[in-house]
Amino acid sequence: MAATLSTPSARGAKHAEQDRPRGLFRRRAGDHDKAGPVAYVLLAIAAVVSLFPLYWTFVAASNTGERVAQSPPPMVPGGELWTNITTAWDQADMGKALLNSTIVAGCVSLSTVLFSTLAGFAFAKLRFRGRNALLTLVVATMTIPPQLSVIPLYRIVTKLEWGNQLQSVILPSLVAAFGVFFMRQFLSEALPFELIEAARVDGANSLRIIWHVVFPIARPAMAVLGMLVFVQSWNDFFWPFVVLTQQNPTVQVALSAIGGGSGHDINQAVIMTGALVGTLPLLLIFAVLGKHIVGGITSGAVKS
Amino acid sequence: MATHVRAEAPPARPAWRSRLYRFDLKASPYAFIAPFFLCFAAFGLFPLIWTGWLSLHYVDLLKPDVMEWRGFGNYTRLWSNDQFWNALRNTFTIGVISTVPQLLTALGLAHLLNYRMRGRGFFRVAILAPYATSIAAATLVFVQLFNPDYGFINWMLGAVGIHPNWYSDTWPSQIAISTIVTWRWTGYNALIYLAAMQAVPKDLYEAASLDGANRWQQFTRITVPSIRPTILFTIIVSTIGATQLFGEPMLFGGGVGVSGGSAHQFQTLSLYLYELGWPSRQLGRASAVAWTMLLLLLLIGLAQFLITRYRKRNELGA
């Protein structure tokens, strides 16, 4: 077997075509991209590592706190899920948190998708002075960490007496440089110039072109961007943590309070229940639309 | 003469329309990009400059209108402070031990996912699933898994006889935090790599495999060089993410929170910024940390730019 593998014939195939290894290790030209058993095993390990913490969250959330704090840890779901959910609901206002997160992530993704499509279309298909410089500027803004604006934003928000209100979380996230870049990449390839020209010849102004030509073509990319922004906004932590309190939290802020004091007296199962409740909505979206999200990321639209 | 005049003055309505048309053509691009730039100016650029101005003053969180000029005092004080250097070092080490394994694993996974196989869709969605979890949820889960007394990880490691304390020791706690980051982002990066790999022409591989190149050689000689721009892009994005690390170390610290562990063993720059600005109420000093972060990012960006240029020049010279 080893001899078959190490014969120099494969390397010297050009000189001795008939010496190429046969049988199990024979390679035909079309086989080069077919997965071998090693690839399956490695990917299975990766899938287990990725999914296990999610599974275990469910296990912990459905057992009692005492059971979770024992060694060895529980491996199978228990029957306490409902009790833990009610406790988590009492400890942190999970209902309000879920509603708030939905409102925030919904507004943020709607506005980001709309503005990104407009700007992405302009950068991809319209000629104007300073286009390249402005596009570079858009990309450059991606590198600025949010920490750099937090302190003044906090002052503005408190001065407007918007502390603890959702608009203070929504407004700073209305646009995203990533979204503009994403839509530009997509529309550069997906939208032919001829279509815009034809619409112009027919007398359509820019707004009509946006509505009747750009939006229909951009719809798949808009959907993917919307989902990516929704996930990002739902999971955003730093700024909501600074500006919101437990009276009006997003899911992440509520979770930070549940897990805040991880002393021994705290019911670990309830903490895990909070994590489960906070993650479940997105996991459900993923279970339903996962293929499309993956397709969107791999379609090449995110490529640099 | 008369005919000439008539030709020069077309009917009024079309003239008005064509001027409108030209105005639309000229102005609408700016109208379309305006929302982005207006929002960025209001919520990004203006606060950024304001932060710079604040960093030159003494400002109390509770009396923000009273500003005392300090010049560069906040900065000199910061740079002579051990806790700042500790936070900077932690940000760097956590950044390295989370970014490097993350991107290498992502590259390998992308390569595997690029094969023709059964269940490809399942594997892709499965490795992306951690991306759907939040910092808060993921950290809470890993705090449990890393628990030194009853956590799943020590229960497994106990079989080989080691019991690291993932909370109190410096390296274990930093590795634990890096694990959370790596877990959440590896799949996402793998899919970005996969997108780039799918654009690599298939006949390159066909030719290589006919020439007898094995899969490892194909990977290192064809795949990696072909997607180098994407790799650079992910390195930059992960570096930026690593400098901002906040939620993971903060929630990993549990009750201790922003101090980043009992001996600040995993306090990052962002945590230090928050500790100065809110619990310590010193907005001026916190602003100085923020601007130091910007300075660092600029330095990293410059270094990356110089390295790419150096490599390009070397390749051309060779």
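# Chatting through a two-chain model

Visitor: What share of the contacts in chain A with a separation of 6 or more comes from residues 24 or more positions apart?

Guide: For chain A, 67% of the contacts with a separation of 6 or more are between residues 24 or more positions apart. Contact here means heavy atoms within 4.5 Å.

Visitor: Good start! What kind of model is this, and how are things numbered?

Guide: It is a predicted model, where local features need pLDDT of at least 70 and side-chain atom pairs count only at pLDDT 80 or more, while totals for chains, interfaces and linings use all residues. Residues are numbered from 1 along each chain as its sequence is written, chains are lettered from A and ligands numbered from 1 in the order in which they are written, and side-chain values use heavy atoms, with hydrogens and water left out.

Visitor: Okay, how many helices and strands does chain A have?

Guide: Chain A has 14 helices and zero strands. Both are DSSP runs numbered from the N terminus: helices are H or I with at least four residues, and strands are E with at least two.

Visitor: And how much of chain A is buried?

Guide: Of the 304 residues in chain A, 50% are buried. Buried means under 20% relative accessible area, exposed means over 50%, and partly exposed is in between (1.4 Å probe, protein chains only).

Visitor: Can you show me one residue? Where is A:Ala119, and is it buried or exposed?

Guide: A:Ala119 sits in helix H5 of chain A, residues 94-125. A:Ala119 counts as buried because its relative accessibility is 1%.

Visitor: What is A:Ala119 in contact with, beyond its neighbours within four places in sequence?

Guide: A:Val180, B:Phe32 and B:Ile33 are the contacts of A:Ala119 once those neighbours are set aside.

Visitor: Chain B shows up there! How many residues does each chain put into the contact between them?

Guide: Chain A gives 110 residues and chain B gives 101. Together the chains bury about 9400 Å², with 73% of that on carbon and sulfur atoms. Buried area is the accessible area (1.4 Å probe) that two parts lose on being put together, summed over both.

Visitor: How many residue pairs are in polar contact there, and which helix of chain B gives the most?

Guide: There are 17 residue pairs in polar contact between chain B and chain A, both residues being at pLDDT 80 or more. Helix H2 of chain B (residues 12-54) gives the most to the side of chain B that touches chain A, with 21 residues. A polar contact is a pair of N or O atoms within 3.5 Å; within protein, one must be able to donate a hydrogen and the other to accept it, and residues adjacent in sequence count only if both atoms are side-chain atoms.

Visitor: How many salt bridges cross the interface?

Guide: Two, by the rule used here. That rule asks for a side-chain nitrogen of Lys or Arg within 4 Å of a carboxyl oxygen of Asp or Glu. B:Asp65 pairs with A:Lys159 at 3.3 Å, N to O. A network of salt bridges links A:Arg155, A:Lys159 and B:Asp65.

Visitor: How many are there over all chains?

Guide: The search of the whole structure finds five. One of them joins B:Asp60 and B:Arg281 at 3.0 Å, N to O. B:Asp60 is in strand S1 (residues 57-60) of chain B and B:Arg281 is in the loop between H13 and H14, so the pair ties together parts that are 221 residues apart in sequence. B:Asp60 counts as buried because its relative accessibility is 10%, whereas B:Arg281 is partly exposed at 35%.

Visitor: New topic: what about the backbone at A:Pro72 and A:Glu161?

Guide: The peptide bond from A:Ser71 to A:Pro72 is cis, with omega near 0°. A:Pro72 is in the loop between helix H3 (65-68) and helix H4 (81-91) of chain A. A:Glu161 is not a glycine, yet has a positive phi of about 55°. Most residues other than glycine have a negative phi, and most peptide bonds are trans.

Visitor: Is A:Glu161 buried or exposed?

Guide: A:Glu161 counts as exposed because its relative accessibility is 65%. A:Glu161 belongs to the loop between helix H7 (147-159) and helix H8 (167-170) of chain A.
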